[in-house]
Amino acid sequence: MTETNDASQPVLEATDVRKSFGKLDVLKGISLTLMKGESVCIMGPSGGGKSTFLRSINCLEMIDTGTIRVCGEEMGYRTTATGRRQLSERAIAVQRRQTGMVFQQFNLFFTMTALDNVASGLVHVYGVNREDAREQAYEQLKLVGIADKAESYPIQLSGGQQQRVAIARAIAVKPKLMLFDEPTSALDPEMVQEVLDVIFNLRKAGMTMILVTHEVGFAKKAADRVMLIADGVVAEQASPQRFFENPQSERTQQFLSRVL
Ligand code: ADP
Ligand code: MG
């Protein structure tokens, strides 16, 4: 696997990504390059293609055309004997190691404790033995401030705590790129901040990330760039200051007039 620490190599290089579901064109040529340590916030109206884009980077969707490279490795496809197009095993293996994703709905395993939720990725992706995995998982739970809940089951945790476990699980495998898809949208308002704080700490620690969010204050504080995706295209990409104070596209102006 080509893994380099070359700072000049983009962590993510998505070029002209297109994807349809049947007749519905969902991504109509999205490009995004992220260098190490960069943080991009994606905003945009519901149904615009934000989740599909993130899911494509994380191998949960196959794109139709365009390329996605993570740490220089292109996400490859192969055609099966029956003529079906599939992601190559290699592409999936690269994504699993290089990218971590956090969803709106926390997606924890409900039959496992917080600790085992985090440890399971280490066991399954890296083949770490159970005992070491649990030790490492405990460190991750400490990082997100929730080590005291290690033996709790998801149902015993608040939404904010569950989401912090989900973040710990995602970062446990030391991904090069973190994808957050509206990580605070399903939370009660009083829990939003604790999750944003964890994400902000990751950002400060140098994590490269894409964050789909409607938290304007957070985007201003934590993003190097803000991007508006609407109708499957990038309508705007700018510094937070320019994006919020002097947006160029009508689409962005329209969108901001509804959320600000
Ligand atoms: P966003 O995250 O910006 O709200 P999505 O990427 O979830 O947008 O969805 C974009 C469009 O693609 C929507 O119209 C949605 O209904 C459609 N879509 C998403 N996933 C599927 C799927 N698996 N099958 C068919 N249509 C889908
Ligand atoms: Mg979405």
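What share of the 260 residues in the protein is buried? Buried residues make up 45% of them. The model is a predicted one, and the text below walks through it from overall form to detail.

Begin with the whole chain. The protein holds nine helices and twelve strands. Along the principal axes, its C-alpha atoms fill a box of roughly 50 × 50 × 35 Å. The radius of gyration is 18 Å, which agrees with the value near 18 Å that a compact globule of 260 residues would have. Among contacts in the protein with a separation of 6 or more, 64% join residues 24 or more positions apart.

UniProt, in an unreviewed entry, lists residues 12–256 as "domain: ABC transporter". Over residues 12–256 the chain is 39% helix and 27% strand. The end C-alpha atoms of this stretch are 27 Å apart.

Now the sheets. Strands of a sheet pair through backbone hydrogen bonds, either parallel or antiparallel. One open sheet has four strands in the order 2-1-4-5, with antiparallel pairing. Strand 2 (24–34) and strand 5 (73–74) stand at its edges. Each has a single partner strand, so one side of each is left without a neighbour in the sheet.

Inside this sheet, strand 1 (residues 12–21) pairs with strand 4 (residues 65–70) over five bridges, in the antiparallel sense. Ala14 stands opposite Ile68 in strand 4, and Glu13 stands opposite Arg69 in strand 4. Helix 1 (residues 50–57) packs on this sheet and touches strand 1, strand 2 and strand 4. The direction of helix 1 makes about 120 degrees with that of strand 1.

Strand 4 also pairs with strand 5, again antiparallel, over two bridges. Val70 has Glu73 in strand 5 as its bridge partner. Strand 4 and strand 5 form a hairpin with two residues between the strands. In that hairpin, Cys71 takes a positive phi near 50 degrees.

At one end of the order, strand 11 (residues 225–230) and strand 12 run antiparallel, joined by five bridges. Ala230 has Val233 in strand 12 as its bridge partner.

Last comes the interior. In soluble globular proteins, nonpolar side chains tend to be buried together. Here the largest nonpolar core has 75 residues. Val118 and Met178 touch the most other members of that core. Helix 5 (residues 159–172) gives the largest share, seven residues. Leaving out residues up to four places away in sequence, Met178 touches Gly100, Ala170, Ile171, Leu202, Met207 and Met209.

Key:
Residues are numbered from 1 along each chain as its sequence is written. Chains are lettered from A and ligands numbered from 1 in the order in which they are written. This is a predicted model: local features need pLDDT of at least 70, side-chain atom pairs count only at pLDDT 80 or more; totals for chains, interfaces and linings use all residues. The radius of gyration is taken over C-alpha atoms; the globule rule is 2.2 Å times the number of residues to the power 0.38. A residue is buried if 20 or more other C-beta atoms lie within 10 Å of its own, exposed if 12 or fewer, and partly exposed in between; C-beta atoms are placed from the backbone. Two residues are in contact if their C-beta atoms, placed from the backbone, lie within 7 Å. Two strands pair if DSSP finds at least two bridges between them. Axes are lines fitted to C-alpha atoms, for helices over the stretch in contact, and angles run from 0 to 180 degrees between N-to-C directions. UniProt positions are given in the numbering used here, feature names are shortened, and annotations may be inferred rather than shown by experiment. A nonpolar core is a set of buried Ala, Val, Leu, Ile, Met, Phe, Trp, Tyr and Cys residues joined through C-beta atoms within 7 Å.
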